[in-house]
Amino acid sequence: MDKNLIQRTLSGIVYVAIIILCTTPIGAQLINGISLGLVKQEYLYYGLITLLLGVGSWECIKIMKFGDGYEKWVVLPLVVFIFYVFSKRYFHFDFFFDFRISEILAILLIVIAVVTLFKYPNELYYDSGKLIFTVIYVALPFSFALGLPKFSSFDDGFSLEVLFLFILIWSSDTFAYLTGKFFGKHKLAPKISPKKTWEGYIGGVILTLVLSYFIEHYQPGLRGNWMVVGFLVAAFAPAGDLVESQLKRNFGVKDSGNILPGHGGVLDRLDSFLICVPVVYLYFILEKFI
């Protein structure tokens, strides 16, 4: 058997296992079952997002090849500050998905950063542009991710929105790949990601909607309508991949890192997640007014 295939499979299994343990009550139950401590699931999830934030920020700094100016050293403090602001809301149960101007502006900043990457890439060759892009592209999505699950200080419940978001992203990627492999003829973005096709994109949307139907039917306790969430994920997950591909292409980088042998870095694995999280978060805000 191909050594690289074994490596990819093993690291993939570990990656999925970590996601499941940190986004479902299984993680806390397992740890508390073998230790005398009392670990709450929200702590595991927070630790996961914090770890991904830190590694992802460092990978983005390396991708963008900062110069010797002060900007490189300001990135992490700004990332930590933004994450700290959202962390206070996380631990004080302050994510009510009310319409807040600050959150809408933060999502608009993500849109502006993506547009800049594709339309005005020369702006990112300055360290000041790299600083702004890194903070927006990494810090804001991971910070918004803290607001997706629900939990209470009065019980051990922890909702499964993040787990099913990951499942839908994985299904979208898998279905798009398989459909494109067997039926793909028309390139989606040949200069950025030559293997992506429109047929694969449509197949990913359709089959992810089928999966989201079962999630909506069998998991009625989740926030929002998961047929809508499934459509948003299928529509925007490929965009996340294209954003990271364009970023690496602009700076001549193959992979964001090697923390996951055979898969690349955190940004390589979570490129779709970074775009889907603010989109789904925005939907949860708007859903309250519909």
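E244 and K248 both sit in helix α9, four residues apart, or about one turn of the helix. The two form a salt bridge, with their closest N and O atoms 3.6 Å apart. Both residues are buried. This is a predicted model. A search of the whole structure finds seven salt bridges.

**Charged pairs**

- K248 also meets D268, side chain to side chain, in a salt bridge of 2.9 Å from N to O.
- That pair links distant parts of the chain, since K248 belongs to helix α9 and D268 to helix α10, 20 residues apart.
- K248 has 11% relative accessibility, which is under 20%, so K248 counts as buried.
- D268 counts as buried because its relative accessibility is 6%.
- K130 forms a salt bridge with D127, and their closest N and O atoms are 3.7 Å apart.
- Helix α6 holds both K130 and D127, three residues apart, about one turn of the helix.
- K130 is buried, and D127 is buried too.
- A network of salt bridges links R89, D94, R100 and E103.
- In general, side chains of opposite charge can pair when their charged atoms come close.

**The nonpolar core**

- The largest nonpolar core has 75 residues.
- The residues with the most contacts inside this core are F142, F144, L165, V233, L247 and F273.
- Elements that give two or more residues to the core are α1 (3-23), α3 (41-64), α4 (71-91), α5 (101-119), α6 (127-145), α7 (161-183), α9 (226-250) and α10 (266-287).
- Helix α10 gives the most to this core, with 14 residues.
- V233 touches L165, L168, I169, S172, P238, C276 and V280, leaving aside residues up to four places away in sequence.
- In soluble globular proteins, nonpolar side chains tend to be buried together.

**Helices α4 and α6**

- The axes of α4 and α6 come within 9 Å and cross at roughly 25°.
- An angle under 35 degrees counts as roughly parallel, so α4 is roughly parallel to α6.
- The crossing of these two helices, α4 and α6, is right-handed.
- On the α4 side, the residues in contact are E71, V74, V75, L78, V79, I82, F83 and F86.
- On the α6 side, they meet D127, S128, L131, T134, V135, A139, L140, F142, S143 and F144.

**Two loop residues with positive phi**

- K65 lies in the loop between α3 and α4.
- Phi of K65 is near 55°, a positive value in a residue other than glycine.
- K65 has a relative accessible area of 46%, so K65 is partly exposed.
- F93 is placed in the loop between α4 and α5.
- Phi of F93 is likewise positive, near 55°, and F93 is not a glycine.
- F93 counts as partly exposed because its relative accessibility is 31%.

Technical notes
Residues numbered from 1 in each chain as written. Predicted model: local features only at pLDDT ≥ 70, side-chain atom pairs only at ≥ 80, totals over all residues. Heavy atoms only, no water. Core = buried A, V, L, I, M, F, W, Y, C linked by side-chain atoms within 4.5 Å. Buried < 20%, exposed > 50% of the residue type's maximum accessible area, 1.4 Å probe, protein only. Contact = heavy atoms within 4.5 Å. Salt bridge = Lys/Arg side-chain N within 4 Å of Asp/Glu carboxyl O. Axes fitted to C-alpha atoms, helices over the stretch in contact; angles between N-to-C directions. Parallel < 35°, antiparallel > 145°, perpendicular 65-115°, else oblique. Left-handed = near helix turned anticlockwise from the far one by under 90°.
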